[in-house]
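Hi everyone, thanks for making time.

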Amino acid sequence: MSKSLGNFITIRDILKKYSAEAVRYFMVSSYYRSPLNFSQETLDNAKQALTRFYTCLRDLDLTVTAVSDSTYEQRFIKVM
């Protein structure tokens, strides 16, 4: 991208179309030493990946039940 070629996009313009979370995911998901290949398609893919991730998390049952006075807990306390 370059300003002289007219294909320069500011972050404000990107945030009008995509959430900040999708932009962050796009940036974090690329290899840190490679240049970012920005396009509408890659941002759409990042948005879809976040949607899949949150759908998976929504469908999970994340309730945790504590087991009190288990033999493992007693052994741990004894060893400590």
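This is a predicted model: local features need pLDDT of at least 70, side-chain atom pairs count only at pLDDT 80 or more; totals for chains, interfaces and linings use all residues.

**A quick tour of the fold**

How confident is the predictor, on average? The mean pLDDT of the protein chain is 84, and 89% of the residues score at least 70. Going by helix, confidence is highest in α2, at 93, and lowest in α4, residues 71–79, at a mean of 83.

Now some overall numbers. The protein chain has 80 residues, and 12% of them count as buried. Its accessible surface is about 7400 Å², with 58% of that belonging to carbon and sulfur atoms. And if you take the contacts with a separation of 6 or more, 41% are between residues 24 or more positions apart.

Let's go inside. In soluble globular proteins, nonpolar side chains tend to be buried together. Which residues make up the largest nonpolar core here? There are six: I14, Y18, V23, F26, L43 and A46. Two elements give two or more residues to this core, namely α2, residues 20–28, and α3, residues 40–59.

Pick out L43 from that group. Setting aside neighbours within four places in sequence, L43 contacts I14, Y18, V23 and F26, and also A22 and F38.

So let's follow A22, which sits in helix α2. Is A22 buried or exposed? It counts as buried, because its relative accessibility is 2%, and the cut-off for buried is under 20%. Leaving out residues up to four places away in sequence, A22 touches L43, A46, K47 and L50. For the A22 and L43 pair, the C-alpha atoms are 7.0 Å apart in space, while the two residues are 21 apart in sequence.

Last stop, the largest pocket. Its volume is about 210 Å³. Helices α1, residues 11–17, and α2 are the elements that give two or more residues to its lining, and α2 gives the most, with three. Ten residues line this pocket in total, and I14, F26, M27, L36 and F38 are the ones nearest its centre. You've met some of those names already: I14 and F26 are also in the largest nonpolar core, and F38 is one of the contacts of L43.

Notes: Residues are numbered from 1 along each chain as its sequence is written. Side-chain values use heavy atoms; hydrogens and water are left out. A nonpolar core is a set of buried Ala, Val, Leu, Ile, Met, Phe, Trp, Tyr and Cys residues joined through side-chain atoms within 4.5 Å. Buried means under 20% relative accessible area, exposed over 50%, partly exposed in between (1.4 Å probe, protein chains only). Helices (H or I, at least four residues) and strands (E, at least two) are DSSP runs, numbered from the N terminus. Contact means heavy atoms within 4.5 Å. Accessible areas come from the Shrake-Rupley method with a 1.4 Å probe; for residues, only the protein chains shown count as cover. pLDDT is the predictor's confidence in each residue, from 0 to 100. On a 1 Å grid over the protein atoms alone, a cavity is a set of points where a 1.4 Å probe fits but cannot get out, and a pocket is an open set with protein on both sides within 12 Å along at least five of seven lines; lining residues have an atom within 4 Å of a point. Grid points are joined across faces, edges and corners, and a volume is the space filled by probe spheres set on the points.
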